Amino acid sequence: MARPSILPAPGADDPPFYRETAGECELFERAFRNRMPLLIKGPTGCGKTRFVAHMAARLGRPLYTVACHDDLTAADLTGRYLLKGGDTVWADGPLTRAVRDGAICYLDEVVEARKDVTVVLHPVTDDRRTLPLERTGEILHAPPEFMLVVSYNPGYQNVLKSLKPSTRQRFLALEFSFPQPEVEAAIVARESGLAQERCAALVRLANALRELKGKDLDEGASTRLVIYCASLIKAGMRPADAVVAALIEPLTDDPDVRQGLLRVADIAL
Ligand code: ADP
């Protein structure tokens, strides 16, 4: 069974810090108020999860997040009968719980999930807004506060793992990319505590590495990795070591590409 994480964590900012870049907060709120599901496309580590956590807190709804993987089935989302002390009891999955609670359900990397997941997503994403639970015979009607949000990374270019038009055309869609350099530097400074001008240099390096996407690299450096790098430097690590650990090694296993990235880092910093 997929275990959802419920964000924000205790003690976290409420709502968690999120720097808006292009009117996405208003679009999310309109989707929520108009009972429309939302699809967020974008590279890994560019702020999709943080955005959803921020909006859920702003709208005062609980958030059930599921990191989808290639073994995730429809039953993992809806629920299943479990044996408990000799009895068989029904346990709601995160999607069912979100529908019952009027919560926001966020399926991260939805294209990774098994194909049978689309069968449960279809009735809940059109005007029926129902979730049929085959096993229990129930048909749940989603309350107005329920919202489904899914994300995926189109950059992986996997034809087998893209969403079918019949599924994607049920969602409003929003494209995320990395923020403008000065905005990204401000985010990195806020998250790591490192001075903004030093973060700006790391963002310049990240952007130089992002240029290599589709050539030497499948993915460029994410904002998440830039924050890791800045946090290590802030904690006293030598900048050159932090760059290797956070911005070079996570991107490649190929020794030649690694050498190339180190040269890019030398020039950019
Ligand atoms: P994704 O879900 O796209 O893989 P995350 O939402 O986990 O990425 O983003 C990674 C990290 O980057 C977050 O934990 C947050 O620290 C930071 N981040 C990225 N974009 C923003 C933003 N616009 N505002 C605030 N933090 C951001």
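**Group meeting: a predicted chain with its ligand**

Okay, let's start with Arg35, which is partly exposed, with 14 other C-beta atoms within 10 Å. On the terms here: 20 or more other C-beta atoms within 10 Å of a residue's own makes it buried, 12 or fewer makes it exposed, and partly exposed is in between, with C-beta atoms placed from the backbone. Arg35 sits in the loop between α1 (24-33) and β2 (38-41), and its phi is positive, about 60°, although it is not a glycine. Most residues other than glycine have a negative phi.

Keep in mind that this is a predicted model, where local features need pLDDT of at least 70 and side-chain atom pairs count only at pLDDT 80 or more, while totals for chains, interfaces and linings use all residues. Numbering runs from 1 along each chain as its sequence is written.

Glu109 is another one with a positive phi, near 55°. You'll find Glu109 in the loop between β6 (104-108) and α5 (117-125). Is Glu109 buried or exposed? Glu109 counts as buried, with 20 C-beta neighbours inside 10 Å.

Now the whole chain. We've got 11 helices and 10 strands; those are DSSP runs numbered from the N terminus, H or I of at least four residues for helices, E of at least two for strands. The radius of gyration is 21 Å, close to the 18 Å from the globule rule for 269 residues, so the chain is as compact as a globular protein of that length. That radius is over C-alpha atoms, and the rule is 2.2 Å times the number of residues to the power 0.38. The C-alpha trace spans about 65 × 40 × 35 Å along its principal axes, and 38% of the 269 residues count as buried.

On to the ligand: 18 residues surround it, and the closest are Gly47, Lys48, Thr49, Arg50 and Arg224. A residue is near if its C-beta atom, placed from the backbone, lies within 6 Å. Which helices supply at least two shell residues each? Those include α2 (48-58), α7 (181-192) and α9 (223-234).

Last, confidence. Mean pLDDT, the predictor's per-residue confidence from 0 to 100, is 91 for the chain, and 93% of residues reach 70 or more. The model scores ipTM 0.99 and pTM 0.91. Over residues 6-11, though, pLDDT stays under 50, with 10 contacts beyond four places in sequence; a contact means C-beta atoms, placed from the backbone, within 7 Å.

How values were computed. Two residues are in contact if their C-beta atoms, placed from the backbone, lie within 7 Å.
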